[in-house]
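The sequence and the structure come first, and the text follows.

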Amino acid sequence: MKMNIVCIPGDGIGPEIVAQARAVLDSVADIYGHEITYQDVLMGGASIDVHGIPLTDEAIADARAADAVLMGSIGGDTTKSPWYQLPPDKRPEAGLLKIRKALNLFANLRPAVLYEELADACPLCSEVRQGGFDMLIMRELTGGLYFGERKTYTENGMRHAVDTLTYSEEEIRRIAIKGFEIARKRRKKVTSVDKANVLDSSRLWRAVVNEVAGEYPDVTLSHMLVDNCAMQLVRDPAQFDVILTENMFGDILSDEASMVTGSIGMLASASLNDTKFGLYEPSHGSAPDIAGQDIANPIATILSASMMLRYSFDLDKEADAVDRAVKAVLQEGWRTADIMSEGCRRAGCSEMGRLIAEHIRQQ
Ligand code: NAD
């Protein structure tokens, strides 16, 4: 297969971790006979330094023309970097919001996986984390409370504020379809999370998800109220496969799910539109405190590249090979500084990438 990938290395550790994800993709291409062309595009602080703005229209056009985008992370030290003296719409993060909107990336996927080898980093008690967990939170990203009408006003000397939570059935249907499609590539279980006992938007959410479920008889659907889901994530996270939810609930639950894994350098993410196109990036930021030292953990970006193979190119076998290689390197005791524990072997960012790429060649 020919793959046309735009790379946005970004700022801080971004260029270091993207280089390692590329090394892993190159290894996949060699072994499985694919052809990858990469095009580097500037975004965030790196784009401000060259163009004065965090994302140019040309950069968006390049991303749109690609099959998928692999991103590092953007932004600098928010207390020291001159990028943060600029008005908010000219700062690095504005580029991120702009590209998500321009590419209509409405589905955000955040896997939360607890590797047995890293179980000690998990803040949950040993009975709960025993056996590990592997879930994926699918969050609607472009609708709901964060995009509804809002206002603040004063009436009879009293201040009021209003935010509106609106969803159309079309917005719900397209993310539900994504959720069921992705569950088919996993353990075929969807938990749809809402607040249907109180909110009209949630009752519509539940009704439309039920309609979509009719098209996927091989996938098991259950519904859960968001307050219960927040509890279940720390009580029994292994029960979840795909959690499908709206924007604000997903914002909160995906952070909770990430934190229970305990390892920020391991968390991948993807944002998809209604085609096979996606933007793949680690969940963490640009870690300016450790940039340029070759000590960052590249695994979140490597696992994001694996998601790209699976979800944008339908190369499940190749994605499995990457996931297996990550696991094998951890099993051999290799650790970057952030996940280091006693008795393990320390690897830098480039060494970790090399080890994972090498494992793919040996499988
Ligand atoms: P951060 O995620 O960059 O770092 C938090 C802590 O985790 C730091 O101590 C860092 O060294 C460590 N860390 C993060 N990733 C790591 C990795 N791969 N390996 C080892 N250690 C890692 O969050 P922050 O410090 O709050 O933000 C730094 C910058 O990143 C800010 O400018 C912020 O706006 C930006 N940011 C960007 C994105 C994005 O590009 N999507 C997301 C979050 C934050």
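Leaving out neighbours within four places in sequence, S47 is in contact (heavy atoms within 4.5 Å) with L42, G52, I53, P54, L55 and T56. S47 belongs to helix 2; helices (H or I, at least four residues) and strands (E, at least two) are DSSP runs, numbered from the N terminus. S47 is buried because its relative accessible area is 0%. Buried means under 20% relative accessible area, exposed means over 50%, and partly exposed lies in between, with a 1.4 Å probe and protein chains only.

The model is predicted, so local features need pLDDT of at least 70 and side-chain atom pairs count only at pLDDT 80 or more, while totals for chains, interfaces and linings use all residues. Residues are numbered from 1 along each chain as its sequence is written, and side-chain values use heavy atoms, with hydrogens and water left out.

**The ligand site**

There are 21 residues around the ligand, and G76, E93, G285, A287 and N297 come nearest. Here a residue is near if one of its heavy atoms lies within 4 Å of the molecule. The shell divides into nine nonpolar, eight polar and four charged residues. In this division Ala, Val, Leu, Ile, Met, Phe, Trp, Tyr, Cys and Pro count as nonpolar, Asp, Glu, Lys and Arg as charged, and the others, Gly among them, as polar.

Taken alone, the ligand exposes 810 Å², and the protein buries 70% of that. The areas come from the Shrake-Rupley method with a 1.4 Å probe; for residues, only the protein chains shown count as cover.

The table lists these pairs with two contacts between side chains. A polar contact is a pair of N or O atoms within 3.5 Å; within protein, one must be able to donate a hydrogen and the other to accept it, and residues adjacent in sequence count only if both atoms are side-chain atoms.

| Pair | Distance |
|---|---|
| N297 side chain and D338 side chain | 3.2 Å |
| K276 side chain and D314 side chain | 3.2 Å |

N297, in the loop between strand 12 and helix 10, is among the residues that come nearest to the ligand. N297 counts as buried because its relative accessibility is 4%. Beyond four places in sequence, the contacts of N297 are I17, G265, M266, H284, T336, D338 and I339.

The largest nonpolar core holds 65 residues, and I5, L70, L109, Y280 and I356 have the most contacts inside it. Helix 10 (residues 299-311) supplies the largest share, eight residues. Such a core is a set of buried Ala, Val, Leu, Ile, Met, Phe, Trp, Tyr and Cys residues joined through side-chain atoms within 4.5 Å. In soluble globular proteins, nonpolar side chains tend to be buried together. I5 touches L25, I36, T37, Y38, Q39, A68, L70, M308 and F313, apart from neighbours within four places in sequence.

In helix 4, the buried residues are P92, A94, G95, L96 and I99. They pack against strand 1 (2-10), helix 2 (45-51), helix 3 (57-65), strand 3 (68-73) and strand 12 (278-282).

**Loop residues**

Just after helix 4, N104 has a positive phi of about 55°. Most residues other than glycine have a negative phi. N104 is partly exposed because its relative accessible area is 33%. K188, in the loop between helix 6 (169-184) and strand 8 (189-194), also has a positive phi, near 60°. K188 is partly exposed, with a relative accessible area of 34%.

F106 sits in the loop between helix 4 (92-102) and strand 4 (107-114). F106 counts as buried because its relative accessibility is 0%. Its contacts beyond four places in sequence include R139, L141, R174, I175 and L272.

K276 is in the loop between strand 11 (268-272) and strand 12. At 44% relative accessibility, K276 counts as partly exposed. Apart from residues up to four places away, K276 touches D67, Y311, S312 and D314.
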